[in-house]
Amino acid sequence: MIRKLFALIATAGVLAAGCAAPAVPKAGGVLQVVATHSILGDLVKNVGGDKIALLVLVGAGGDAHTFEPTPQDMEQIAKAGLLFENGLEFEGWLDAAFTASDSKAQRVAVSAGIEPLAADEEGEAHAADEADDHSAEDEDHDGEADPHIWQSVSNWILAAKNVRDALIKADAANATTYEANAAAYTAELEKLDADIFAQANALSAAQRILFTSHDALGYFAARYGFEVAGSGLASLSTEAADPSAAEVAELVQAIKAAGVPAVFTENTHNSQLMDQIALEAGVSLAPELYTDALGEPGSAGETYLKMMRNNISVIAGALGK
Ligand SMILES: [Zn+2]
């Protein structure tokens with residue numbers, strides 16, 4: 001009799017959930033969420049608010065390209081109900097960690113539906129489908145997708161929708177909260193996008209040329225009308241080896257030819273390389289940009305909104321001279 005009752009309750013539970021998502025692990029009734037890196041964690045926090053328990057694997061200032069999860073990280077992955085990741089191979093370590101942790105979490109790539117940029121062999125970013133169109137005549141391009149989607153605010157608005165939809169699917173009881181949080185945050189993102197355009201448009205086209213530590217700003221350049229003319233590592237990942245003396249000399253020549261007053265370094269890569277290149281090219285090294293991670297709490301990059309405002313101010317200030 002008791003067993004029958006349990007079966008009935010279980011059936012009723014399934015019916016009540018309707019065709020919603022399969023059950024997602026919760027602890028104490030709160031959805032356990034993991035985000036792979038600090039910038040993504042900030043987005044998930046803004047949409048999930050106080051309805052989720054959030055853990056971020058690669059924290060402020062950390063480099064998700066080169067991250068190695070600890071046993072504690074593996075435990076967190078194992079306990080998660082939802083796992084938000086960037087996708088586009090930004091987290092090269094994640095698949096192995098996920099398998100090894102035996103996690104049952106639902107994985108959500110927030111880059112889903114975002115048009116990826118691809119890098120050709122010169123590291124120049126362009127639309128991935130454009131690369132496909134020209135693949136016959138340009139067989140050498142490696143077609144590697146640029147993972148740094150958050151550098152265009154319009155992409156991040158799409159990512160916010162992906163986060164909202166995944167949270168609602170996993171935790172329908174709090175759907176109205178997730179919808180309201182996402183709507184409020186999207187309004188802030190739209191204002192941020194307009195503000196970046198305004199500061200970018202104050203520069204002439206000839207001034208909008210970027211040299212950075214690695215190729216992190218492709219989406220920023222594509223959206224706000226800049227050109228990424230070169231980078232210290234000449235790679236979409238900070239895993240790349242330091243450049244040879246000949247490559248440094250070539251980059252220094254490119255910087256001189258572009259006539260820029262400054263080059264940029266990034267918070268997730270040591271500044272020595274770009275410092276040396278700036279010195280050799282006779283240009284300034286601008287204050288560091290927040291590219292692949294938030295800054296520490298209290299810094300100008302402690303949230304996504306702040307880091308993007310900081311970056312455009314640093315860029316406009318350094319190039320507008
Ligand atoms: Zn990067």
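**Strand pairing and beyond**

A: In this predicted model, Glu85 has Ala109 in S5 as its bridge partner.

Q: How many bridges do S4 and S5 share, and in which sense do they pair?

A: S4 and strand S5, residues 106-109, are joined by 4 bridges in the parallel sense.

Q: Which residue in S4 is the bridge partner of Val33?

A: The partner of Val33 is Leu82. Strand S2 (residues 30-37) pairs with S4 in the parallel sense as well, over 3 bridges.

Q: And the faces of S4, are they covered or open?

A: S4, residues 82-85, is covered on both faces. Leu82 and Phe84 are buried on one side, and Leu83 and Glu85 are buried on the other. In a regular strand, side chains alternate between the two faces of the sheet.

Q: What about Leu88, where is it found?

A: Leu88 is in the loop between S4 and helix H4 (94-101). Its phi is positive, about 55°, although Leu88 is not a glycine.

Q: Is Leu88 buried or exposed?

A: Leu88 counts as buried because 20 other C-beta atoms lie within 10 Å, and the cut-off for a buried residue is 20 or more.

Q: Which other non-glycine residue has a positive phi?

A: Ala234 is one, with a positive phi of about 50°. Ala234 sits in the loop between strand S10 (227-231) and helix H9 (245-258). With 17 other C-beta atoms within 10 Å, Ala234 is partly exposed.

Q: Changing topic to helices: at roughly what angle do the axes of H2 and H6 cross?

A: The axes of helix H2 (residues 38-48) and helix H6 (residues 153-170) cross at roughly 55° and come within 10 Å. H2 and H6 are therefore oblique to each other. The crossing of H2 past H6 is right-handed.

Q: Which residues meet there?

A: H2 contributes Leu43, Val44, Val47 and Gly48. On the H6 side they meet Trp156, Ala159, Ala160, Val163, Arg164 and Leu167. By class, this contact has 8 nonpolar residues, 1 polar residue and 1 charged residue.

Q: Now Glu75, where does it lie, and is it buried or partly exposed?

A: Glu75 lies in helix H3, residues 71-79. Glu75 is partly exposed, with 14 other C-beta atoms within 10 Å. The C-alpha atoms of Glu75 and Asp102 are separated by 9.5 Å, and the two residues are 27 residues apart along the chain.

Q: And Gly320, where does that one lie?

A: Gly320 is in the segment after helix H11 (304-319). Gly320 counts as partly exposed, having 14 C-beta neighbours inside 10 Å.

Q: What does Gly320 touch, leaving out residues up to four places away in sequence?

A: Gly320 touches Ala202, Leu203 and Gln207.

Notes
Residues numbered from 1 in each chain as written. Predicted model: local features only at pLDDT ≥ 70, side-chain atom pairs only at ≥ 80, totals over all residues. Axes fitted to C-alpha atoms, helices over the stretch in contact; angles between N-to-C directions. Helix = DSSP H or I, 4+ residues; strand = E, 2+ residues; numbered from the N terminus. Parallel < 35°, antiparallel > 145°, perpendicular 65-115°, else oblique. Left-handed = near helix turned anticlockwise from the far one by under 90°. Contact = placed C-beta atoms within 7 Å. Nonpolar A, V, L, I, M, F, W, Y, C, P; charged D, E, K, R; others polar. Buried ≥ 20, exposed ≤ 12 C-beta atoms within 10 Å, placed from the backbone. Pairing = 2+ DSSP bridges.
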